[in-house]
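The sequence and structure come first.

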Amino acid sequence: MEERYYHQWLQNMKNLTARYAQKLLQRFPEPRELLDAPENWLEEILPPAQFRELLERRREVRTVYGMQEEYERLMEKGIRFVSCHEKTYPRRLLEIPDPPVGLYYRGSLPGRDALSVAVIGSRECSEYGVYIARELGAFLGRRGVDVVSGMARGIDGISQQAALEAGGASYGVLGSGVDICYPASNRSLYDSLIDRGGILSTYSPGTPAAGRNFPARNRIVSGLTDALVVVEARVKSGTLITVDMALEQGREVYVVPGRVTDRLSDGCNRLLKQGAGVFLDPESFLEELEELAFLKKIKPERSDEEKNEEGESGRKHWPTAEVFSWSRNTPRDMEEELVPVWEQLDLTPKSLEEIGGALGGRYSAAELGVLLLRLVMTGRAKQISAGHFCRL
Amino acid sequence: MYSTILSGALLGVNACLVQVEVDAASGLPAMSMVGSLSGEVRESRERVWAAMKNMGLEIPPKHITVNLSPADLKKEGTAYDLPIVVGMLEALGYFPAGKARDILFLGELGLNGEIRQVRGVLPIVREAAKIGVREFIVPKENAGEGAVIPDVKVRGAATMGEVLGFLMADAAERGAILPAQDAAGWPTAEGAEGPGYDFAEVKGQEMAKRAAKIAAAGFHNLLMIGTPGAGKSMIAKRIPGILPPLTLEESLEVTSVYSVAGNLDGKSLLTKRPFQAPHHTISMPALMGGGVVPRPGVISLAHRGVLFLDELAEFPRVVLDGLRQPLEDRRIQIARVGGNLIYPSDFMLVCAMNPCPCGFYPDRGRCRCTEPQIRRYTGKISGPILDRIDLCTELQAVDVSSLHRESGGETSAQIRSQVERARKMQEERFQGTEYRFNGDVKAADIDRFCPLEKEDRRFMEETYAKMGLSARSYHRVRKVARTIADLAGEDRIHREHLLEAVLFRPAQEYWK
């Protein structure tokens with residue numbers, strides 16, 4: 001228990017990177033030793049700035065009580081801390097280079113058994129991205145796969161929301177303290193993540209969100225997962241930084257292909273050209289992932305013997321009857337006059353004029369608008385703006 | 001000697017008569033002017049003095065007193081120069097006493113005796129004619145606007161010499177010296193055509209044209225959202241042309257406002273619906289009216305016409321919020337130390353804006369604005385103004401090839417006749433009420449004027465629930481549905497009218 005306070009103390013040092021923190025832990029497996037370690041030993045390990053910070057912090061804290069107090073104060077607020085020496089520390093993070101010394105979290109930590117997938121992509125995403133993220137998140141949620149992401153606007157949040165709504169678990173890794181909801185517009189997602197998953201962060205509570213925190217955050221996102229799915233990304237995009245880190249960490253990277261003319265898919269298509277895994281549908285993706293996980297022996301309990309041994313104890317069993325298909329919405333029960341209009345709709349928003357033009361001027365603008373609205377009301381279409389519609 | 005001459009003062013766009021009294025008595029030579037005069041009226045003394053001297057009219061050493069009555073009314077403007085000089089000439093005996101009786105004088109004087117243009121001739125002539133004044137002498141440039149009033153003689157004078165000659169002559173010769181201006185022709189159907197733009201010139205943009213038609217028919221305010229170059233201003237400019245022609249009464253109102261503002265440019269009677277498109281850097285007084293010498297603002301110049309605010313999001317919030325009262329009351333009250341002025345401002349508000357700062361949303365391939373940026377952009381428009389805009393439509397960028405291909409569709413004249421038909425239905429509906437158009441109806445009277453059948457009511461509730469719309473827009477959607485039904489010539493609001501109104505629902509529904 002006491003050990004945890006020292007880990008927290010170490011984790012709270014602003015300038016100390018995970019790399020040097022891990023070096024310190026190698027030299028001093030008991031972090032309490034750091035308080036009495038000879039200065040020249042520390043100086044050997046740390047660069048000057050980090051060395052100075054450690055000395056300063058060391059001078060401030062000569063007893064463990066201050067640390068304990070702080071720890072308990074956070075506990076009261078529902079904020080937990082786990083150190084890399086503890087059993088509950090996410091096992092996947094231990095595999096990555098320089099895992100963080102500890103993690104703050106609210107809610108719970110990712111379980112050890114379930115597969116874990118990061119769904120990431122652009123904040124300003126298209127309707128296509130929204131659709132894929134939602135379908136994928138919901139599918140993973142239904143199949144008991146953890147969805148990990150950054151709780152950002154756009155793809156991140158949408159996939160997490162969908163996973164939670166489908167009854168799955170999801171974990172959000174923040175670039176701020178776990179007590180800060182960023183972006184504020186995702187407040188309800190933040191609350192339900194605490195309820196049915198967790199909010200994780202390496203930053204001490206109270207740290208405001210800042211741009212420079214996000215690359216380090218992305219490292220944890222990919223570190224927590226078995227595979228990464230990139231839904232939409234421009235060529236210059238933070239998402240691609242996450243992909244680089246995932247590759248460094250040996251994670252599988254899957255990419256949703258897009259049209260070559262879509263700027264929001266440029267980053268994705270480029271990754272595909274470089275040899276990333278092709279994401280065609282959630283079903284085949286999950287199959288491949290389970291296969292790989294088996295090969296990697298990430299899930300040793302997959303062998304029949306062990307399965308029988310474990311029985312109902314740990315893993316849940318998911319119905320496998322579902323066969324995924326993109327074209328689920330075959331309009332069989334649709335009113336006849338709506339069908340031709342519906343067929344013109346796409347995931348990319350189309351303007352009313354475009355749709356009208358494709359139908360060869362069969363309808364006046366007002367008539368067409370009314371037909372489209374009826375599609376919206378029956379849940380077949382979505383009105384993006386005053387004049388734009390897309391399929392749902 | 002004592003004399004009294006008729007003149008007039010402006011009160012907003014209304015007017016009242018002013019008596020200019022001149023007394024010339026023996027005493028210490030001086031000229032004093034009283035009667036609650038503003039600076040420019042006081043300066044009149046110097047102009048009158050110099051003009052008389054330059055015309056070779058000697059001013060005898062007398063004590064001259066000029067009083068403008070009613071003395072407690074603040075007198076402004078330069079139109080009193082002419083009545084004052086006429087009064088002096090009479091008091092000093094330059095023409096037989098009584099020759100200027102029952103003639104109303106207006107005009108500014110140059111130092112060489114010429115008579116210069118003034119503002120507000122039409123409203124003064126109109127008011128005086130009601131009281132029974134039949135003869136007017138005004139600056140030549142203003143004669144045309146005065147002459148639109150029936151049964152009066154309005155004579156335009158270029159110099160003071162002409163006026164003096166006129167006053168000295170016998171009744172029989174007078175007409176030859178200063179002929180009465182011909183009455184301007186009344187606006188005919190052709191004369192009331194829109195401002196030279198036709199809807200047939202707008203290619204594509206069926207939705208926006210439809211929205212403009214509905215807006216014109218029910219006097220609803222309209223918001224157009226679209227990428228730059230989509231044709232928002234093109235459509236806005238054509239809206240005055242699909243409104244019914246100005247009636248004579250409306251025409252006089254509009255001309256009065258322009259006359260008071262000094263914007264008449266020698267025209268006699270305005271017969272086209274005004275179209276005002278102020279730039280977004282406009283100041284509050286310029287928009288609302290005001291100034292040291294209060295003048296009507298752009299909203300009053302748009303009276304009975306269209307006020308078009310392009311780049312709505314760029315207008316400062318305070319300026320937009322200032323529109324709330326005029327949109328509600330259809331007139332603007334300007335408070336000054338000297339009293340309150342009221343200018344009419346019964347305009348149709350047409351606004352245009354980009355969907356986002358870059359203008360390409362929702363085309364995510366091109367638009368890189370972040371959601372907070374878009375929210376900030378749309379959030380700049382004040383809610384109370386949006387609450388007064390019933391219709392919202394979106395325009396897409398038009399590619400050049402379609403400009404050649406597509407036919408324009410209905411002409412302005414065709415649309416106007418539909419609008420007029422719809423307005424006739426509203427006239428009958430609102431007879432004996434405070435309302436004129438569907439757009440005016442207040443929330444409390446919606447059930448009375450826009451009734452829905454029971455099942456339609458349920459249908460709307462369902463629609464609102466399914467589409468996640470807010471109750472805030474419900475009344476406005478119903479008013480628009482009423483107008484759509486009027487355009488279709490239907491007494492009852494049908495389901496498709498309601499759905500179409502939902503399609504044009506107010507912008508806030510997208511910006512939540």
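## Interface of chains A and B

In this predicted model, 30 residues of chain B are in contact with 28 residues of chain A, contact meaning heavy atoms within 4.5 Å. Local features need pLDDT of at least 70 and side-chain atom pairs count only at pLDDT 80 or more, whereas totals for chains, interfaces and linings use all residues. Residues are numbered from 1 along each chain as its sequence is written, chains are lettered from A and ligands numbered from 1 in the order in which they are written, and side-chain values use heavy atoms, with hydrogens and water left out.

| Chain B and chain A | Value |
|---|---|
| Buried area | about 2400 Å², 66% of it on carbon and sulfur atoms |
| Salt bridges | zero |
| Polar contacts | six residue pairs, both at pLDDT 80 or more |

The elements that give two or more residues to the side of chain B that touches chain A are α8 (206–218), α15 (371–379), β18, α20 (454–467) and α22 (495–503) of chain B. The largest share, five residues, comes from α22(B).

Buried area is the accessible area (1.4 Å probe) that two parts lose on being put together, summed over both. A salt bridge is a side-chain nitrogen of Lys or Arg within 4 Å of a carboxyl oxygen of Asp or Glu. A polar contact is a pair of N or O atoms within 3.5 Å; within protein, one must be able to donate a hydrogen and the other to accept it, and residues adjacent in sequence count only if both atoms are side-chain atoms. Helices (H or I, at least four residues) and strands (E, at least two) are DSSP runs, numbered from the N terminus.

## The sheet

Five strands of chain B form an open sheet with parallel pairing, in the order β11-β14-β17-β10-β18; two strands pair if DSSP finds at least two bridges between them. β11 (275–276) and β18 (391–395) of chain B are the edge strands, each with a single partner, so one side of each has no neighbour in the sheet. β11(B) pairs with β14 (residues 306–309) of chain B in the parallel sense over two bridges, and B:Gln276 stands opposite B:Leu307 in β14(B).
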